[in-house]
Amino acid sequence: MFEDTAAKMKDNGYYMLSTKEDLARGYGGTIWEGTVPDACVQQADRFAANGYLAYSEESAWSAAWYEGFDSNVFGYFGGDWFVNYTMPDYTTKEWCFCPGPEYHHWGGAYAGVTETCPNKGLAALILVTICCDEDIQYDYAVKNHYTPNNRSAASKLISSGEISYDSNVMKTPMAEYNDEIAANTER
């Protein structure tokens with residue numbers, strides 16, 4: 001269905017996405033790092049061959065990629081932070097947002113515990129607190145424009161109405177977007 005839509009967009013003068021990397025981000029990974037399924041790589045190659053990408057030989061975050069925000073590129077895949085931290089300086093258009101084909105949380109830092117950790121209990125407590133505590137997830141989402149990684153924090157975020165986005169880029173609320181992603185993210 002996505003490729004059929006891309007063909008229709010092309011027929012109407014739009015590129016579906018800016019780069020191959022944009023497609024990969026919709027699947028929660030990157031082509032260049034090999035973190036997406038082969039089917040995604042094959043689909044990205046078809047998008048390039050069929051002219052559904054504005055810059056098939058460019059990568060995300062390149063100068064051309066940024067230019068796409070104000071061109072005839074129909075869409076991008078990005079997290080909540082994308083609205084405030086990536087788009088405002090590069091677009092005069094108003095954008096709408098919806099979840100991508102795979103539910104995932106894109107952003108943040110990662111931490112792990114190895115076998116040689118001298119205090120695994122403390123490390124586990126820190127990880128559980130950062131990743132699962134509703135108040136910490138909520139505060140982090142509000143301050144950094146991220147989608148919380150759990151349902152209770154997403155619900156709190158939606159009901160509070162505190163999170164704000166650049167109104168020059170997006171006029172519609174992100175509530176349903178955040179709720180759907182949090183509800184469907186695997187834990």
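I'll start with a contact between two helices: Phe-2, Glu-3 and Ala-6 of α1 meet Gln-43, Arg-46 and Phe-47 of α3. By class, the residues of this α1–α3 contact are three nonpolar, one polar and two charged. Before going on, please keep in mind that this is a predicted model.

Now the geometry. Two packed helices are described by the angle between their axes and by the distance between those axes. For α1, residues 2-11, and α3, residues 38-49, the angle is about 15 degrees and the axes lie 11 Å apart. Angles under 35 degrees count as roughly parallel, and α1 and α3 are therefore roughly parallel to each other. Their crossing is right-handed.

Next, the chain as a whole. How many helices and strands does the protein chain have? There are nine helices and two strands. Read from the N terminus, the order of elements is α-β-α-α-α-β-α-α-α-α-α. The chain has 187 residues, and 36% of them are buried. Its accessible surface is about 10,600 Å², with carbon and sulfur atoms contributing 52% of that. As for contacts, take those with a separation of 6 or more: 58% of them are between residues 24 or more positions apart.

I have picked out two residues to look at in detail.

The first topic is Thr-86. Thr-86 sits in the loop between α5, residues 81-85, and α6, residues 120-132. Is Thr-86 buried or exposed? Its relative accessible area is 4%, and the cut-off for buried is under 20%, so Thr-86 is buried. What does Thr-86 touch, if we do not count residues up to four places away in sequence? The list is Trp-61, Trp-65, Tyr-66, Phe-69 and Trp-81. For one of these, Tyr-66, I also have a C-alpha distance to Thr-86, which is 8.5 Å, with the two residues 20 apart along the chain.

The other residue is Gln-137. Gln-137 belongs to helix α7, which covers residues 134-144. With a relative accessibility of 10%, Gln-137 also counts as buried. Which residues is Gln-137 in contact with, leaving aside neighbours within four places in sequence? They are Ile-130, Cys-131, Pro-148, Asn-149, Asn-150 and Ala-153.

To recap, α1 and α3 are roughly parallel and cross with right-handed geometry. Thr-86, in the loop between α5 and α6, is buried, and Gln-137, in α7, is buried as well.

How values were computed
Residues are numbered from 1 along each chain as its sequence is written. This is a predicted model: local features need pLDDT of at least 70, side-chain atom pairs count only at pLDDT 80 or more; totals for chains, interfaces and linings use all residues. Side-chain values use heavy atoms; hydrogens and water are left out. Axes are lines fitted to C-alpha atoms, for helices over the stretch in contact, and angles run from 0 to 180 degrees between N-to-C directions. Helices (H or I, at least four residues) and strands (E, at least two) are DSSP runs, numbered from the N terminus. Angles under 35 degrees count as roughly parallel, over 145 as roughly antiparallel, 65 to 115 as roughly perpendicular and the rest as oblique. A crossing is left-handed if the near helix is turned anticlockwise from the far one by less than a right angle, and right-handed if clockwise. Contact means heavy atoms within 4.5 Å. Ala, Val, Leu, Ile, Met, Phe, Trp, Tyr, Cys and Pro count as nonpolar, Asp, Glu, Lys and Arg as charged, and the others, Gly among them, as polar. Buried means under 20% relative accessible area, exposed over 50%, partly exposed in between (1.4 Å probe, protein chains only). Accessible areas come from the Shrake-Rupley method with a 1.4 Å probe; for residues, only the protein chains shown count as cover.
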